[in-house]
Amino acid sequence: QVQLVESGGGFVQPGGSLRLSCAASGRININRMGWYRQAPGKQRELVASITSAGTTNYADSVKGRFTISRDNAKNTVNLQMNSLKPEDTAVYYCNALVILTTYWGQGTQVTVSS
């Protein structure tokens, strides 16, 4: 069993920045870690992901503004979010893929508003 603990959400004005962090428990090899988000009334969508080899993938809507990074030794993943927009408002979920099993964090709220 893998537990994911997120931190770093909050309230920010448009154009501001936030940094999300996620730590996975246990000494395990995680194939891929990432962040998803879900806005009210919308489906959960991929924001960014990163493999153990460092290959990254971003949603088109966040390219150039968000940066994902991970520390394999510590099983942590971070999401640096810059130039935030109101449409980035959502609950952000940490995600980890271990072999064929997907794990989710509890979610952290990000609100972008003036």
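Ile99 is found in the loop between β9 and β10 (101–104), where strands (E, at least two residues) are DSSP runs numbered from the N terminus. The model is predicted, so that local features need pLDDT of at least 70 and side-chain atom pairs count only at pLDDT 80 or more, while totals for chains, interfaces and linings use all residues. Residues are numbered from 1 along each chain as its sequence is written, and side-chain values use heavy atoms, with hydrogens and water left out.

Although not a glycine, Ile99 has a positive phi near 60°. Ile99 counts as exposed because its relative accessibility is 67%; exposed means over 50% relative accessible area, buried under 20%, and partly exposed in between (1.4 Å probe, protein chains only). Asn75, in the loop between β7 and β8, also has a positive phi, of about 55°, without being a glycine. With 5% relative accessibility, Asn75 counts as buried.

Four strands form an open antiparallel sheet in the order β1-β3-β8-β7, pairing being assigned if DSSP finds at least two bridges between two strands. The edge strands, β1 (4–7) and β7 (66–71), each pair on one side only. Six bridges join β3 (residues 18–24) to β8 (residues 76–81), and Ser21 stands opposite Asn78 in β8.
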